[in-house]
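Dear colleague,

Please find below the structure that I am handing over to you. My notes on what was found in it follow directly after it.

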Amino acid sequence: MTTAPDTLTIRRPDDWHAHLRDGAMLGRVAGYTARCFARAIVMPNLIPPVTTAQAALDYRARILAALPDGASFEPLMTCYLTDDCDADALARAHGDGIFVAAKLYPAHATTNSEFGVSDLARIRPALERMQRMSMPLLIHGEVTDPAVDIFDREAVFIERVLAPLLADMPGLKVVLEHVTTEDAVEFVAAAGSNVAATITPHHLMINRNALFDGGMRPHMFCLPVAKRERHRLALRAAATSGDQSFFLGTDTAPHAIAAKQAGCGCAGIFNAPTALECYAQVFDEEDALGRLEGFASEFGARFYDLPLNQGSITLAKRAWSVPETIALPPPDEEIVPFGAGETLDWRVEPAEGDSA
Ligand code: NCD
Ligand code: ZN
């Protein structure tokens with residue numbers, strides 16, 4: 001890392017949790033992730049979900065084809081676990097380098113999770129193989145029990161599902177994705193080095209008040225939903241602590257404006273156009289800019305046993321306004337980025353040779 005008064009240069013970062021979508025949406029959003037991240041763990045919750053090695057290879061090819069000319073970006077593919085997943089095929093695809101990790105969506109927990117796992121007992125053979133191979137299990141950590149208050153679903157998941165799972169399989173490599181609570185921070189900090197968590201920019205910047213600021217704010221709605229202020233502060237402390245168990249995962253999750261602003265609006269925040277800038281702002285506010293590189297560019301790669309990236313990226317402290325909307329090809333028309341209409345302090349400098 002190097003710093004001049006108003007710039008910050010760090011090793012090129014990775015995004016350890018991204019939804020790149022498919023079709024026309026993929027073509028529109030992939031470049032926003034590739035503009036600063038060298039690699040991303042690509043979520044498999046397409047319709048139909050990515051459950052086989054062939055589907056992952058095909059999706060990977062579509063992602064590469066959707067990148068802007070000259071982009072250097074490596075999609076890291078994940079397998080969507082279902083009740084009837086084939087443990088042998090999963091292990092083989094991991095051994096072949098096709099699936100970097102597998103994703104556990106509790107059935108009906110979030111967007112496109114209806115094919116998810118109904119009971120962990122159903123995928124026990126797969127989990128045993130993953131433990132033996134050190135293949136990371138990426139978890140959407142929320143119970144789906146409708147009797148549990150939505151703001152408690154992550155904490156209850158840790159108690160009812162995650163702690164027993166790790167007691168049963170203490171060597172399983174786990175990433176608790178997009179943590180939103182003090183409970184999750186404490187659990188991950190106390191767990192062994194085989195347990196880590198990703199943290200999104202939006203959960204570092206907003207609490208649940210943002211959902212109801214003067215009216216309903218669908219573009220602030222994601223799952224797990226933002227929690228109260230004390231949880232946001234715990235997340236900020238964890239992200240900026242230098243603890244290697246916490247690393248960057250944006251959970252960029254674009255939905256067209258009409259799907260968000262609806263009677264039953266989709267969960268998901270599209271933050272790829274502003275993610276690294278938001279993280280820089282948070283680390284700056286916490287007087288921890290010197291720790292951004294570890295969080296963004298080192299800890300995740302180490303957890304996944306992947307090499308660190310070679311290139312670098314420079315951010316400048318130069319205020320800019322986030323556009324209100326970003327155009328999409330018809331029929332979707334528009335999408336709202338995180339921070340729409342706000343001013344951010346930091347901005348990624350164009351790479352050398354970039355005309356933009
Ligand atoms: C994600 C999506 O839209 O695919 N939505 C979200 O609110 N984060 C799914 C997920 O990661 O939960
Ligand atoms: Zn996600």
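A charge is said to sit over a ring if NZ of Lys or CZ of Arg is within 6 Å of the ring centre and within 35 degrees of the ring normal. Please bear in mind throughout that this is a predicted model. The charged end of lysine 173 meets the rule, as it sits over the ring of phenylalanine 303 at 5.1 Å from the ring centre. Another case is arginine 208, whose charged end sits over the ring of phenylalanine 151, 4.6 Å from the centre of that ring.

Aromatic pairs

Across the whole structure, a search finds nine aromatic pairs. One of them joins tryptophan 16 and tyrosine 304: the ring centres are 4.6 Å apart and the planes stand at 15°, so this pair is stacked. Tryptophan 16 belongs to strand 3 (residues 15-18), while tyrosine 304 is in the loop between helix 11 (292-303) and strand 11 (312-321), so the pair ties together parts that lie 288 residues apart in sequence. Tryptophan 16 and tyrosine 304 are both buried. A tilted pair is formed by phenylalanine 283 and phenylalanine 295, with 5.3 Å from centre to centre and 45° between the planes. Here phenylalanine 283 comes from helix 10 (residues 275-285) and phenylalanine 295 from helix 11, so the parts tied together are 12 residues apart in sequence. Phenylalanine 283 is buried, its relative accessible area being 0%, and phenylalanine 295 also counts as buried, at 0% relative accessibility.

Helix 5

Helix 5 covers residues 153-168; at 1.5 Å a residue its 16 residues should span 22 Å, and the end C-alpha atoms are 21 Å apart, which agrees. The helix also has a kink of about 35°, centred on glutamate 159. Which of its residues are buried? They are Arg153, Glu154, Val156, Phe157, Ile158, Leu162, Leu165 and Leu166. These buried residues pack against several elements, among them helix 4 (124-133), strand 7 (137-139) and helix 6 (182-190).

Cysteines

How many disulfides does the count come to? The count is zero. Cysteine 79 is in no disulfide, and the nearest cysteine sulfur to its own, that of cysteine 85, is 6.5 Å away. A disulfide would need the two sulfur atoms within 2.5 Å, so the separation of 6.5 Å between cysteine 85 and cysteine 79 is too far for a bond. Cysteine 79 is buried, with a relative accessible area of 3%, whereas cysteine 85 counts as partly exposed at 22%.

Two loop residues

Threonine 110 is found in the loop between strand 6 (101-104) and helix 4. With 17% relative accessibility, threonine 110 counts as buried. Leaving aside residues up to four places away in sequence, threonine 110 touches Tyr105, His140 and Leu223.

Proline 323 is placed in the loop between strand 11 and strand 12 (326-327). Is proline 323 buried or partly exposed? Its relative accessible area is 39%, so proline 323 is partly exposed. Residues up to four places away in sequence again set aside, proline 323 touches Pro337, Ala340 and Gly341. Between the C-alpha atoms of proline 323 and alanine 191, which are 132 residues apart along the chain, the separation is 40 Å.

With kind regards

Technical notes:
Residues numbered from 1 in each chain as written. Chains lettered and ligands numbered in written order. Predicted model: local features only at pLDDT ≥ 70, side-chain atom pairs only at ≥ 80, totals over all residues. Heavy atoms only, no water. Helix = DSSP H or I, 4+ residues; strand = E, 2+ residues; numbered from the N terminus. Expected span 1.5 Å × (residues − 1). Bend = angle between axes of the 7 residues up to and from the residue. Buried < 20%, exposed > 50% of the residue type's maximum accessible area, 1.4 Å probe, protein only. Contact = heavy atoms within 4.5 Å. Phe/Tyr/Trp six-rings, centres within 6.5 Å; stacked < 30°, edge-to-face > 60°.
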